[in-house]
Amino acid sequence: ILFYLFILITMENTFHRMLDPSFTSSSKGERPQPNFLPSATFAGSKPGYVFRTSDLGTGYHLDVNHPDNRYLDIITNNKTAVVTRNISTAKTPQQLLEEAEAAAKASTTATVAATLDAVGIRQMTATLVKVYEKNLLERSEFSKDPERYMKSEVDLHDALEAIQNVAADPTLYKYILSRGAVQILVQSLTHPNADIVLTVLQTWNELLDVDLIQLEHDLKQRILVQENITKLGYSLVVHHQGIQALSATLTTMEDNSITVDQDDRDLISKEILTLIETLLDLDTMGLFRQEENKQDIHNTYKGVINRIWNDSPTFISWLLYQIDSNDTNRQQIALTSSDLLASILQQEDGIPSLFAYIC
């Protein structure tokens with residue numbers, strides 16, 4: 001028993017020295033509890049502390065909500081202060097995310113980028129699914145404490161950006177399609193954080209960029225790239241109701257369900273319009289119908305235009321509103337909306353559908 005007790009005491013002292021080089025077993029309890037212990041990485045839980053990033057840096061911060069810390073002397077700028085559990089930093093989730101991203105960039109911890117091959121992309125997609133589910137869980141559990149889910153939010157942002165790299169080789173898209181990543185990429189379109197929404201839209205536009213087809217000089221390779229882009233776009237539109245999801249994102253922004261400033265709102269709107277225009281182009285080329293025939297689906301084909309008119313009429317309303325807007329700061333949005341609406345109306349039954357919609 002004495003031997004095990006000795007081991008436990010030794011381990012505790014070692015742990016404290018890892019977090020605070022100035023710690024000694026003899027000093028324990030003889031000085032005020034420090035409010036911050038710097039640590040570049042998480043080294044396990046520490047009673048009375050939470051690991052996070054703040055103005056002080058990344059490391060272990062005194063948890064003022066901990067029952068033992070209700071009234072406790074702490075060291076702040078070499079002065080002793082009294083804190084109560086009612087004290088909190090009034091920072092918005094956006095500010096916390098920016099701080100976490102800055103800390104992640106400043107971190108000296110090396111991150112190994114996954115390689116662009118079958119194994120690497122399986123790694124990317126597995127990471128994306130994992131961090132999305134973790135962020136979803138933490139947002140649900142700690143909805144009133146953004147600091148508790150900011151780390152997973154940064155990880156989600158990074159995982160989405162990593163997927164963008166796969167656009168360098170569209171022939172590898174099959175590994176994205178087979179690993180559940182498409183579902184996460186669609187679900188993230190309605191994420192409460194505007195930065196996540198913008199990043200996932202940029203990811204979609206990178207992956208489905210039709211210019212990638214023209215970049216291939218070899219005919220066989222060009223056909224292969226076109227097939228992979230078509231499969232991914234078809235999956236977004238048909239299997240995951242992408243048009244409805246994009247329309248819902250626009251509606252969510254308009255009713256202020258997502259806290260977003262005007263600049264980010266415009267960026268998100270532009271990315272959505274670009275993505276819908278790309279999907280419309282792919283469909284107009286007959287590629288989605290060909291893909292449905294390859295998959296031996298005998299249902300009546302329901303293309304992008306049909307889905308816009310019948311499943312997402314609010315999108316037409318949004319376009320008309322943007323075109324009719326007198327906001328001089330959103331002229332580019334109005335012009336892009338006008339061009340896209342013109343493309344929609346040029347399709348078969350476009351004008352009659354518009355009249356029916358107005359009526």
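Is Lys151 buried or exposed? I looked it up in the model, which is predicted: Lys151 is exposed, at a relative accessible area of 55%.

**Helix H4**

I then took helix H4, residues 150–164. Its 15 residues reach 22 Å from first C-alpha to last, close to the 21 Å expected at 1.5 Å a residue. I listed its buried residues, among them Glu153, Leu160, Ile163 and Gln164.

**Salt bridges**

I searched the whole structure and found six salt bridges.

- Lys151 and Asp155 meet through their side chains at 2.9 Å, N to O. They are separated by about one helical turn because they lie four residues apart in helix H4. Asp155 is partly exposed, at 23% relative accessibility.
- Arg139 and Glu153 form a salt bridge of 2.8 Å, N to O. This pair links distant parts of the chain, with Arg139 in helix H3 and Glu153 in helix H4, 14 residues apart. Both Arg139 and Glu153 are buried.
- Glu227 pairs with Lys294, the closest N and O atoms being 3.8 Å apart. Glu227 is in helix H9 and Lys294 in helix H12, 67 residues apart. Glu227 counts as partly exposed at 31% relative accessibility, whereas Lys294 is exposed at 54%.

**Thr203**

I moved to Thr203 in helix H7, residues 194–207. Beyond its neighbours within four places in sequence, Thr203 is in contact with Leu160, Ile163, Gln164 and Leu185.

**Surface patch**

Last, I checked Ile351, Phe355 and Ile358, which form a nonpolar surface patch with about 320 Å² of accessible area together. Ile351 sits in helix H16, residues 350–358, and is partly exposed at 40% relative accessibility.

Key: Residues are numbered from 1 along each chain as its sequence is written. This is a predicted model: local features need pLDDT of at least 70, side-chain atom pairs count only at pLDDT 80 or more; totals for chains, interfaces and linings use all residues. Side-chain values use heavy atoms; hydrogens and water are left out. Helices (H or I, at least four residues) and strands (E, at least two) are DSSP runs, numbered from the N terminus. Contact means heavy atoms within 4.5 Å. Patches are made of residues with over 30% relative accessible area and no salt bridge: like charges are joined within 9 Å, nonpolar side chains (Val, Leu, Ile, Met, Phe, Trp, Tyr) within 5 Å. Accessible areas come from the Shrake-Rupley method with a 1.4 Å probe; for residues, only the protein chains shown count as cover. A salt bridge is a side-chain nitrogen of Lys or Arg within 4 Å of a carboxyl oxygen of Asp or Glu. Buried means under 20% relative accessible area, exposed over 50%, partly exposed in between (1.4 Å probe, protein chains only). The expected span of a helix is 1.5 Å times one less than its number of residues.
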